[in-house]
Amino acid sequence: VNDDTTAVLEVVTHYTTKSGANVPVPCVSLLDRNADGKVTSLRVYIDLAPLFAQIGAEEAGQPETVTA
């Protein structure tokens with residue numbers, strides 16, 4: 001989404017845990033600009049729940065990849 005003042009970017013970042021599990025983590029960034037096109041704010045939102053679930057499973061001795 002881009003309306004000349006705010007741009008929204010949705011991505012999936014992939015983390016690798018110590019055990020080698022690949023964990024997709026959803027992220028959204030919002031970039032606000034003023035009338036001159038200069039950035040006035042950047043907000044990044046990351047849902048780390050899938051990563052923490054995987055790390056918790058690995059620490060509990062269940063290293064299989066956890067799915068959301």
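Helices (H or I, at least four residues) and strands (E, at least two) are DSSP runs, numbered from the N terminus. This is a predicted model, where local features need pLDDT of at least 70, side-chain atom pairs count only at pLDDT 80 or more, and totals for chains, interfaces and linings use all residues. Residues are numbered from 1 along each chain as its sequence is written, and side-chain values use heavy atoms, with hydrogens and water left out.

**View 1. Asp 4, ahead of strand S1.** Look for Asp 4 in the segment before strand S1 (6-16). Its phi is near 75°, a positive value in a residue other than glycine. Asp 4 counts as exposed, at 65% relative accessibility (buried is under 20% relative accessible area, exposed over 50%, partly exposed in between; 1.4 Å probe, protein chains only).

**View 2. The salt bridge of Asp 32 and Arg 43.** The structure holds one salt bridge, meaning a side-chain nitrogen of Lys or Arg within 4 Å of a carboxyl oxygen of Asp or Glu. Here the N to O distance is 2.6 Å. Asp 32 sits in strand S2 (residues 22-33) and Arg 43 in strand S3, so the pair ties together parts eleven residues apart in sequence. Asp 32 is buried at 15% relative accessibility, while Arg 43 is partly exposed at 33%.

**View 3. A nonpolar surface patch.** Tyr 15, Val 39, Leu 42, Val 44, Ile 46, Leu 48 and Phe 52 make a patch of about 650 Å² (residues with over 30% relative accessible area and no salt bridge; nonpolar side chains, Val, Leu, Ile, Met, Phe, Trp and Tyr, are joined within 5 Å, like charges within 9 Å; areas come from the Shrake-Rupley method with a 1.4 Å probe, and for residues only the protein chains shown count as cover). Strand S3 (residues 39-46) gives the most, with four residues. Phe 52 belongs to helix H1 (residues 49-59) and counts as exposed, at 53% relative accessibility.
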